[in-house]
Amino acid sequence: MKRGALISVSVVLLVLVLGGSWYYGNGADVKITDIYASPFGANDPGKLNITLQNNGLKPVDVWLEIENAFVDENGVSYSTPRLIISDNSTGPWDEGSVSLQKPIKLVPGNNSVKVWLGYQLPGEYPVKVRVVQNGRLLDEDTYLVNVPFPELHLKLENELERGNTSDVYKVYAYLINYGLSSADKVSTNLTVTNERTGKIVFTSSEFYSVGGKDKSALRAWPGYPYAIVEIAHGKPSGDSYKPIPIVIVGQNGDRFLLNITSRWQDQVTSAELNIPAQEEDR
Amino acid sequence: MKHMIERDELFSCKSAKLLILMFLLFGICAGCLDKDPVEARVNTLVQSLGDEDERVSSLSANELCAIGEPAVDPLIKALKDDNPQVRSLAAQNLGIIGDKKATNSLIKALKDPVSEVRMNAAFSLGQLQAVEAVEPLIELLKDENGEVIRYTVIALGMLKDPRATEPLCEVLKRDDASISYDGDSDMRYTGNSNIRSEAVFALGETGDPRAVDTLLDLLADKEVGRSAASSLGRIKGEYVFGKLIKLLDSKNPTTRTNAVAVYEYIQDPAAVPILVRMLNDQVPEVRIGAAYSLGHFNESEEIAQTEQPLINALGDSKVEVQAAAAGSLGRIESKKAIPLLAELIQSKDSTLCETAIYSLARYKDPEAADALIAALGNENWHIRMKIVYSLREVGDTRAVDPLISLLGDESSGVRKGAATALGSLGDRRAVEPLIKALETERESDVRISEVQALGILGGPEAINCLSRVSTDKDEYNYVRSSAEKALVILKGGGTVNPSSFY
C-alpha cells in the first residue's frame, strides 16, 4: 500500500513536471516592444505599426490576434482575417496583404509588422494586440487609437456677368474640411432673404459629404454653379438656367442675403453672402 | 549478468509498466497539442467548404487559395469527401492554386457522380495545363450534362492540344450545343456562352490545320461565324489562304462577311484585289468588313492597291462603310486622305467624326496635326475634347498656342484635356498660362490636370505655384497631394511624368 501510494505520487509529480516544462519551457520568448499609429481619419485606412522582439536564437512562427481593428458606424468590431501587411503594401487587398490564416515568421531580434485599421466614425478605439503561439499567449498590449473629428467650414463666392438687361451672379459654395476625418451626410440648408422686403424667397435642404482635408463643391451638376441670382434692370431674361436648381430672380433695388448652414453631429457652421454687395450698387 | 536480472525485474514490475504507459500517453498528448497550426486551420477551412451558408463556404475557399501549397493535400483528400459541395469547391480551388500535384486526383474526379464536381475538375485541369488530362477530358465530352461538356471544351481549349481537334468538331454537332448559359465571372466571358461558341474558340486555340475545314464551313453560320473567323485567324498558315479566298466569292452574304473578317488577322496579298472588289458588294456588312480588313495590309505594294479604293469608299452611301474606310486610311497613313479626313471631322455623324480624328492622330505628321488644329473650333465640346487628346498623341508643339487658348474653354472636359496635353507636349511656354488658369479654375478635375502639367513642365515659376497649392488649406485634397508629389520629385532634381501621380 505504501509502495503503491509512492508510485502514484511519483506519477503525478512526473506528469506535472513534464506538463509544466512543456507549457512554460517550450514557448517562444517574444515581446511587443512598440506599437504606434500615425494619425488618420474616419473612413480612411490606417496602419498600426507593431514591433515584435524575438529574444530566441531561432526564427519562430507566431499568430497575431487584433481586437478593434475595424469598427463600423454602429460600434461593431470586426474580426481580423486578413490584416497583416508588408512594408511596401499600399492597400488592404494588395499582394502584400497576408492572411491571418498563416503564422508570421519572426526572425531573432526586432521584427516590424503593420496591421490595417479602419473606423467609420471618429473617436477613441483601444486596439488590443495579442501574440499567440500554438494557442499560448506570448505577450499582449493595448494601443489607444484616436480618430479625430472633421472640422467643417463653408465658403460662398460669386462671379458677376453684367448684361444689358440684367446682372447675373453665379454663386459657388464649398464645404471645406480642415480635419482628417471625412464627414458624410452633412445636412446643409440654404435660406435666401430679400432684404428690401424682409421676405424669405427661397429655401432648400440637401445632404453633402466631404473627405478629410478636402473640400466639396455644393452643386447639383458638375461644371455648374451652386445657384444663380439674376438682378433684372427691367424685364427678367426668362432664362431657366437649367440644370441649376437654385435660381433667384429680382429687380434693381433688391438685395438678397444668402445664408447657408451645415450641421454634422454637434458641429454647426455657416456662411453668408450679399448679392449685390453694397459696393456693387449702381 | 546481474544487471540483466535487475532490468528484467524492473520490467516485470507493474508500476514500471504503468510508468512507461504514462510516458507514452503523455507523448501522444504532447504530439497532438503541438500539431501544425496551419494544417489545423486548413482542415477547419476544408470542412467549412461544405457549410450551408454560401458566404462561409466561399470565404473558406478564398482563404484556402490564399494559403496555397499547404492546402493542396487536404484539398486533394477533400475530393473524396461525402459532401458533394466540398468535393466541388475542392476541385475548383485546386485549379486556382495551380499545383500540378493535384492532376491525377482531378482526373479521377472527372468520374464523380455529381456534375458540378466533374465540371470544376475539368476546368481546373485546363488551368493546370495538365496535358495528361487530354484523353480523359476528350472522354468527358460524351457526358450527359451540357454544362460539364461546355467546361470540358473550355479546358481543352486551354490545353491547346491537337488531339482534341476531331472530338471538338464532333461536339459541334450535338443537339444541345447551341443552348446558352449565363456567363460566369470566373470564366473568360461575361456574356452568354454555349458549347458551340466555346468549341469554335477552342479549335482556334489548338492551331491545328485539321480544324480549318470545319471552321470555314462555320463562316456561313450567323451565330458563330464571326468567332470562326477569329479562330481561323489564329490558325493562319497557307492552308487557310487557298480555301478562304474562294469563299470571298460565296453567294451567301454571311459567309462573305465573315470570310472578309479573317483578313483582319491574316494578310494574304492574293486577297487584296478581291477585297478591293468587295468594297462594291451590295451588302453593307461585307463592304464594312472589306474596308476594315484592307487597312491591315501594310506592305507598300499592297497599300498602292488599297489606298485609292479606300478613298473612294469614303463616299459610300453607308456611314459605317465610310468610318471603316477612314479608319483604314489612317492605319495605312495615306497622305492623300488627310484633307478628306479633315473634312470628315465636320461630319454630323459622331462615329465618323471621331474615326477621322483618331485616324489623323495616327499619322504623327505636321499636315495631319494642322488638320486637327484647324478643327479645334468645332462647336461640339465632345469633338473638341477628342481633338485635344489626339493632338497630345500627335505630339506636335505647334499645338501649344491653340491648346493654351482652350484653357479658357467653356467645357471643363476640354480645359482638362488641354492642360493634360500641354503637360505632355513639354513646352515651357505653357507654364504661365497654366498658373493663370489655376487662379480662376473651379473644377477639381481640371485643377488636378493643371497642377500635374505644371509638375511635368517644371521650372522655378511652376515650383513656386506648386508650393502655394500644396499648402493651401482650402484646396481640393487630390490637387494638393498632386502638387506635393510633384514638388518632392522636382526638389529632388527628378523629372515628373504622368505616372508620378499614381
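1. A word on burial before anything else: a residue is buried if 20 or more other C-beta atoms lie within 10 Å of its own, with C-beta atoms placed from the backbone. Please keep in mind that this is a predicted model.

2. With that in hand, have a look at helix H18 of chain B, residues 284-294. This helix is mostly covered, with nine of its 11 residues buried. The buried ones are Val286(B), Arg287(B), Ile288(B), Gly289(B), Ala290(B), Ala291(B), Tyr292(B), Ser293(B) and Leu294(B).

3. What covers the buried residues of H18(B)? The cover includes four helices of chain B: H16 (253-262), H17 (272-278), H19 (300-313) and H20 (319-331).

4. Now the nonpolar cores. The largest has 150 residues, and the members touching the most others are Ala122(B), Ala291(B), Leu360(B), Leu372(B) and Leu422(B). Helix H10 of chain B (residues 146-159) supplies the largest share of this core, eight residues. A second, separate core holds 27 residues, among them Leu156(A), Ala183(A), Leu258(A) and Leu273(A).

5. Leu372(B) is worth a click. Beyond its neighbours within four places in sequence, Leu372(B) is in contact with Ile357(B), Leu360(B), Ile387(B), Ser390(B), Leu391(B) and Val394(B).

6. Finally, chain A. Its secondary structure consists of one helix and 19 strands. Of the 282 residues in chain A, 28% are buried. Taking the contacts in chain A between residues at least 6 apart in sequence, 64% join residues at least 24 apart.

Technical notes
Residues are numbered from 1 along each chain as its sequence is written. Chains are lettered from A and ligands numbered from 1 in the order in which they are written. This is a predicted model: local features need pLDDT of at least 70, side-chain atom pairs count only at pLDDT 80 or more; totals for chains, interfaces and linings use all residues. Helices (H or I, at least four residues) and strands (E, at least two) are DSSP runs, numbered from the N terminus. A residue is buried if 20 or more other C-beta atoms lie within 10 Å of its own, exposed if 12 or fewer, and partly exposed in between; C-beta atoms are placed from the backbone. Two residues are in contact if their C-beta atoms, placed from the backbone, lie within 7 Å. A nonpolar core is a set of buried Ala, Val, Leu, Ile, Met, Phe, Trp, Tyr and Cys residues joined through C-beta atoms within 7 Å.
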